[in-house]
Amino acid sequence: MIELTDAWQAELVRLRRALHACAEPSGQETQTAATIKRFLMEHTSLELHDCGAGFYGVHREPGASAAGIALRADYDALAQEEGHAAHLCGHDGHAAALCGVALLLEGRRVGRDVFLLFQSAEETGKGAEGCLSFFEREAVGEIYGAHNLPGYPFGQVFTRAGTFACASRGLAVCLTGVGAHAAYPELGISPAQALGKLLTALPELEDRFAKSDGARCTIIGARLGEQAFGSAPGSAELWITLRTERDEPLAALEAMVLEQIAHAAQNARLRYTTDVCDPFPATVNDAGCAEKVLRVCHGAQLIEPMRWSEDFGHYLRVCKGAFFGIGAGEDQPPLHNPAYEYPDALLEPTVRAFGKILDIM
């Protein structure tokens, strides 16, 4: 059995903290990627190749008969106000843990090629889609990824066959009428009434779906006019997140929402536009791969899919594999909470879980 030495664990903690300190938002992770690459070049003999906005390392075994196995980590931080970012989702720990797997692989025989895929821009849903060329370049038979789970027992692996994380997409709606003097609002076309109706009606669309679809229509925000008491507004904006457990119901929910928007705009004589933002497919695990994770990691069955979304679903559309969670402790703040930080102690069990999947631990 390969052991994670104290020296290795100390190196990974230093790396995780360095990544935490240089948090960069999705698509802007220049220093983050450079830090990870420098660590891999200094401590391993992996081949490194750019892929989309990310990159991957290869543990190549000449003559291996089986298709390779890929492990993935994201490394972007959550965007904050005024261009800042913070690692409130633990991607700094994901990247450091995958570097720990690279340390384990050094000088070992696995019987197949191993690919360590480091991906940008998970938070916006764009990173994985940009890395799909990886599967055209390399012979990959399976892919696995993991996410830290605050609120769950520390170090416990959780997964399930089928949907692990929900499909989702944002909709940005703009309603346009005609502004007017507040003394003569009848001379304009106000979007206020249409906006009010949509704020009430759209969340009620969830009731048209079966409970198993997990449909949710969440109002994220709205904007109408400004604090100018002499003017009646001529435009409004509305932001919505749609979410379901599978891709098909999400398309149906979106169609219903668009129909409601069109109806409200037509009745109020408004023009309107809609833009899709941050689309995520459902993350749907292969049953055999999920069972493998549960077996080798002594995992626990996740009863219901996670409500949040994860762009790992793009990979599972083209390659069999599984996504799983690892408990970060039941007393931890939730993901995206300003008080959350990936626990350094979680690096070792995460590396160990990946090592078991590779059958080297």
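Helix H10 (347–357) has these buried residues: Leu347, Pro349, Thr350, Val351, Arg352, Ala353, Phe354, Gly355 and Ile357. Buried means under 20% relative accessible area, exposed over 50%, and partly exposed in between (1.4 Å probe, protein chains only). Nine of the 11 residues of H10 are buried, so the helix is largely enclosed by the rest of the structure. Asp359 follows H10 and has a positive phi, near 65°.

This is a predicted model, in which local features need pLDDT of at least 70, side-chain atom pairs count only at pLDDT 80 or more, and totals for chains, interfaces and linings use all residues. Residues are numbered from 1 along each chain as its sequence is written, and side-chain values use heavy atoms, with hydrogens and water left out.

**Overall fold**

- The protein chain contains 10 helices and 18 strands. Helices (H or I, at least four residues) and strands (E, at least two) are DSSP runs, numbered from the N terminus.
- Along the principal axes, the C-alpha atoms of the protein chain fill a box of roughly 80 × 40 × 40 Å.
- Of the 361 residues in the protein chain, 53% are buried.
- Among contacts in the protein chain with a separation of 6 or more, 79% are between residues 24 or more positions apart. Contact means heavy atoms within 4.5 Å.

**Helix H2**

- H2 covers residues 30–43, 14 residues in total. From first C-alpha to last it reaches 20 Å, close to the 20 Å expected at 1.5 Å a residue. The expected span is 1.5 Å times one less than the number of residues.
- Thr32, Ala33, Thr35, Ile36, Phe39 and Leu40 are the buried residues of H2. Seen down the helix axis, they fall within an arc of 160°, so they line one face of H2. The arc is that of the directions from the helix axis to the C-beta atoms.
- An α-helix has 3.6 residues a turn, so residues three or four places apart point the same way.
- Thr30, Met41 and Glu42 are exposed, on the face of H2 turned away from its buried side.
- The buried residues of H2 pack against helix H1 (6–21), strand S1 (47–51), strand S2 (54–59), helix H3 (91–105) and strand S6 (114–119).

**Cavity**

- The structure holds one cavity of 30 Å³ or more. On a 1 Å grid over the protein atoms alone, a cavity is a set of points where a 1.4 Å probe fits but cannot get out. Lining residues have an atom within 4 Å of a point.
- The largest cavity has a volume of about 90 Å³. Grid points are joined across faces, edges and corners, and a volume is the space filled by probe spheres set on the points.
- Its lining has 14 residues, with His94, Ala146, His147, Asn148 and Thr350 nearest the centre.
- Strand S3 (68–74), H3, strand S7 (140–150) and H10 each supply at least two residues of this cavity's lining.
- By class, the lining of the largest cavity has seven nonpolar, five polar and two charged residues. Ala, Val, Leu, Ile, Met, Phe, Trp, Tyr, Cys and Pro count as nonpolar, Asp, Glu, Lys and Arg as charged, and the others, Gly among them, as polar.

**Pocket**

- The largest pocket holds about 680 Å³ of space. A pocket is an open set of grid points with protein on both sides within 12 Å along at least five of seven lines.
- The largest pocket is lined by 28 residues. Nearest its centre lie Glu123, Arg243, Asp278, Phe280 and His336.
- Strand S4 (78–79), strand S10 (167–176), strand S14 (235–244) and strand S15 (271–280) each give at least two residues to this lining. S10 gives the most, with five residues.
- The pocket lining divides into 14 nonpolar, eight polar and six charged residues.

**Leu198**

- Leu198 sits in helix H6 (residues 192–204). At 2% relative accessibility, Leu198 counts as buried.
- Leaving aside neighbours within four places in sequence, Leu198 is in contact with Leu175, Pro203, Leu238, Gln260, Ile261 and Ala264.

**Positive phi in loops**

- Most residues other than glycine have a negative phi.
- Arg269, not a glycine, has a positive phi of about 60°. Arg269 is in the loop between helix H7 (247–267) and S15, and is exposed at 60% relative accessibility.
- His298, also not a glycine, has a positive phi of about 50°. His298 is in the loop between helix H8 (287–296) and strand S17 (300–301), and is exposed with a relative accessible area of 63%.
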